Amino acid sequence: MIESDFITINVGPQHPSTHGGLHAETVLDGEHIVDVKVHLGYVHRSVEKIAESRTYTQFIPYNSRLDYLATHLPAMGYCQAVEKLLGVTVPERAEYIRVIMAELSRIASHMLFIGSLAIDIGATTGLIYCFRDRERIMDMFEMTSGQRLIASYMRIGGIAEDLPEEFYPAVKSFLDDLPYMLDEYNNLLTGNEILQARLKNTGILPADKAIAYGVSGPNLRASGIAYDIRKAEPYSIYERFDFDVPIGSKGDNWDRFLMRIREIEESAKIIRQALQDLPEGEIRAKVPRIIKPEKGAEVYHRIESSKGELGFYIVSDGSEKPYRLHVRAPSFINLGVLPLISRGGKLQDLIANIATLDPVLGEADR
Amino acid sequence: MYQELKERLLKNWDGKIEINEGKDFFEIITQSEILFTLMEFLKKEFGFNYLANLCGVDYGEKFTMVYHVCRIPENLKVCVKADIPRDNPEIDSLTCLWPAADFQEREVYDLMGIVFKGHPDLKRILLPEDFEGHPLRKDYKAV
């Protein structure tokens, strides 16, 4: 028996597979992982402190910079939280447009997940296909808000602008082409023997552990728990749409990968229904120019973002600025489970584990 | 369910807790000394398995810890609040009940300077280890 010392390898923060600035200090016994320590904060901007010196309206653009891969989702969550504080009802048309934008963001984020997972485990071509298709969503965001990546399209009480004419054919042709895009991903990746070997039975997260560690979103559902805030506690108008909540069985990397592919299909279903029912009318409720929620009012509002439960806890002191704003960031809390699912595996599995947990560090570090 | 929870809570801690219904979350206002036993009760007796969120608020003379706890997938939810004196900002850690508290308590420690007793690895998480002060405190002066 050869005896060997443990060695420590730093994966990140300057590593292409760490999705931003994640630093995983990894202790190895040969090729096997003994322990992982997650170091965060490389892109910390103290967003919660900044919020205390901005008015409620001024803070909207900061949200898009949290989860910049699903830009409309955090902005929607924040605006809804403030609307709850104020008791504002959003016009129907704005709700539908918000849902369309939110689900397009989810598709964009999941496409990036698939692409970056592919490149992380060595299938460079996969990235190109996903980016090509995601680009069409970026174009749609540019049409509606003038911004591709960090669109500040949501407003307290509604949205900034109505949809332009050219948006409708663009989203329609995108939805028509989506099944072919997914076919391509399935042919290229899902059916790929190497990808299956890398993802199946690695990074297993059992259901009870997933709940205890506060994991949410597709990562929780991959472990077999059918918990989706859009269903469990419908916000906006999600109760009007017919869609399924896909769940996995084992909670391994493979389940987490499949979850994204299936969620893209479900999101497309929601967008189709929303486009069909899209009513005419106002796009913004009448909201005072200076927003001052009642003194002592507080709210915890959560939405199902592409990464999981995204919550906003806001306390008001009656002034035009939030007294305290806390963001419950799913990427941050999901990363807490990385050591658990990586221990005992190999170093190569760690890369797949990070990729399938799908953290976005702008949101984790805030 | 909430009715039964209310009765059991009042039976155990009458006079020490305050219950507010009719909000988004069933709200329990408690004292920091009994927080841990109350949370343990919520987890073991009522199956609240998911610590969704925790954060601290600086109210000047005191801090308030706010916990949002759920039972999933049924989506039962409670909000528990506990005040902590400013001159001795300590509260029991919940990491042994829900490992989800690990990162979140470190964040509160880092940014607000609240000490969690019993936390296995209470270190700064977002700011560098040699950083001075706790930025989310209201008396912190950002330059």
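**Close-up 1. Salt bridges where chain A meets chain B.** In this predicted model, five salt bridges turn up across the interface of chain A and chain B; to count, a side-chain nitrogen of Lys or Arg has to sit within 4 Å of a carboxyl oxygen of Asp or Glu. Glu52(A) and Lys138(B) make a salt bridge through their side chains, with N to O at 3.2 Å. Side chains of opposite charge can pair when their charged atoms come close. Polar contacts between chain A and chain B come to 19 residue pairs, with both residues at pLDDT 80 or more. A polar contact here is a pair of N or O atoms within 3.5 Å; within protein, one has to be able to donate a hydrogen and the other to accept it, and residues adjacent in sequence count only if both atoms are side-chain atoms.

A word on the ground rules: this is a predicted model, local features need pLDDT of at least 70, side-chain atom pairs count only at pLDDT 80 or more, and totals for chains, interfaces and linings use all residues. Residues are numbered from 1 along each chain as its sequence is written, chains are lettered from A and ligands numbered from 1 in the order in which they are written, and side-chain values use heavy atoms, with hydrogens and water left out.

**Close-up 2. The side of chain A that touches chain B.** Here 37 residues of chain A are in contact (heavy atoms within 4.5 Å) with 38 residues of chain B. About 3200 Å² is buried between the two chains, and carbon and sulfur atoms give 59% of that; buried area is the accessible area (1.4 Å probe) that two parts lose on being put together, summed over both. For the polar side of the story, 19 residue pairs are in polar contact between chain A and chain B, both at pLDDT 80 or more. On chain A, the elements that each supply at least two residues to this side include helix 1 (47-51), helix 8 (207-212), strand 6 (295-304) and strand 7 (309-317). Helices (H or I, at least four residues) and strands (E, at least two) are DSSP runs, numbered from the N terminus. Strand 8 of chain A gives the largest share, four residues. Sorted by class, this side of chain A has 19 nonpolar, six polar and 12 charged residues; Ala, Val, Leu, Ile, Met, Phe, Trp, Tyr, Cys and Pro count as nonpolar, Asp, Glu, Lys and Arg as charged, and the others, Gly among them, as polar.

**Close-up 3. A three-stranded sheet in chain A.** The strands of this open sheet run in the order 1-2-3 with antiparallel pairing, where two strands pair if DSSP finds at least two bridges between them. Strand 1 (7-11) and strand 3 (32-39) are at the edges with a single partner strand each, so one side of each has no neighbour in the sheet. On average, neighbouring strands are turned by 25 degrees against each other, direction ignored. Helix 14 (residues 347-357) of chain A packs on this sheet and touches strand 1, strand 2 and strand 3, its direction making about 30 degrees with that of strand 1. Axes are lines fitted to C-alpha atoms, for helices over the stretch in contact, and angles run from 0 to 180 degrees between N-to-C directions. Strand 2 (residues 23-29) and strand 3 of chain A are joined by seven bridges in the antiparallel sense, with His23(A) opposite His39(A).

Close-up 4. Glu92(A) and Arg240(A) join their side chains in a salt bridge, 2.9 Å from N to O. The partners are 148 residues apart: Glu92(A) belongs to helix 4 (residues 92-120), and Arg240(A) to the loop between helix 10 (229-232) and helix 11 (253-277). Over all chains the count is 41 salt bridges.

**Close-up 5. The five-stranded sheet of chain B.** This open sheet has the order 1-2-5-4-3 and mixed pairing. Strand 1 and strand 3 (50-58) of chain B are its edge strands, each pairing on one side only. Strand 1 and strand 2 of chain B make a hairpin with five residues between them, and Gly22(B) in the turn has a positive phi of about 85 degrees. Strand 2 of chain B pairs with strand 5 (residues 76-85) in the parallel sense over six bridges, while strand 4 (residues 62-71) runs antiparallel to strand 5 with 10 bridges.

**Close-up 6. Phe36(B) and its contacts.** Phe36(B) sits in helix 2 of chain B. That helix (residues 35-46) lies across strand 2, strand 4 and strand 5 of chain B, at about 170 degrees to strand 5. Neighbours within four places in sequence aside, Phe36(B) is in contact with Asp92(B), Ser93(B), Leu94(B), Cys96(B) and Leu97(B).
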